[in-house]
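Here are a few friendly notes to read alongside the model. Take them one at a time and find each residue as you go.

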Amino acid sequence: MMNRKLIARLQILSISLIWLLFTGIAVWILNLINESLRLHDAPDASLGISLVAIPVFFTLSSVLTYVFIGLRKGRRKDVES
């Protein structure tokens, strides 16, 4: 049986990694748009991808964070044995 503190730490680590991953993807897409503008290339594909991908990724990370926090909030404190 796993320790509750270890599980809580793993959940916080997973939320942090989710936000780091999705923020990295958003920065990468914004960098692609910036590079396409700098190279006078057509940024149509980059803009189209960013308009869909960035809100989807941030919505997913927000939902996952809400689920983790919401599940922990409703939990009663158990007496550790």
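1. Let's begin with a term: helices here are DSSP runs of H or I with at least four residues, numbered from the N terminus. Leu 6, for instance, is found in helix H1, which covers residues 4-38. Keep in mind that this is a predicted model.

2. Now the overall picture. The protein has two helices and zero strands. Of its 81 residues, 21% count as buried. Among contacts between residues at least 6 apart in sequence, 69% join residues at least 24 apart.

3. A nonpolar surface patch of about 650 Å² is made by Met 2, Leu 6, Ile 7, Leu 10, Leu 13, Leu 17 and Leu 20. Within this patch, Leu 6 counts as partly exposed, at 39% relative accessibility.

4. How many aromatic pairs are there? The count comes to two. One is tilted: Trp 19 and Phe 58 sit 5.9 Å centre to centre, with 40° between the planes. This pair links distant parts of the chain, since Trp 19 is in helix H1 and Phe 58 is in helix H2 (residues 44-73), 39 residues apart. Trp 19 is partly exposed at 29% relative accessible area, and Phe 58 is partly exposed at 27%.

5. The rings of Phe 22 and Phe 57 have centres 5.1 Å apart and planes at 25°, so this pair is stacked. Because Phe 22 lies in helix H1 and Phe 57 in helix H2, the pair ties together parts 35 residues apart in sequence. Phe 22 is buried, with a relative accessible area of 10%, whereas Phe 57 is partly exposed, with 24%.

Conventions:
Residues are numbered from 1 along each chain as its sequence is written. This is a predicted model: local features need pLDDT of at least 70, side-chain atom pairs count only at pLDDT 80 or more; totals for chains, interfaces and linings use all residues. Side-chain values use heavy atoms; hydrogens and water are left out. Patches are made of residues with over 30% relative accessible area and no salt bridge: like charges are joined within 9 Å, nonpolar side chains (Val, Leu, Ile, Met, Phe, Trp, Tyr) within 5 Å. Accessible areas come from the Shrake-Rupley method with a 1.4 Å probe; for residues, only the protein chains shown count as cover. A salt bridge is a side-chain nitrogen of Lys or Arg within 4 Å of a carboxyl oxygen of Asp or Glu. Buried means under 20% relative accessible area, exposed over 50%, partly exposed in between (1.4 Å probe, protein chains only). Contact means heavy atoms within 4.5 Å. Rings of Phe, Tyr and Trp (its six-membered ring) pair if their centres lie within 6.5 Å; planes under 30 degrees apart count as stacked, over 60 as edge-to-face and the rest as tilted.
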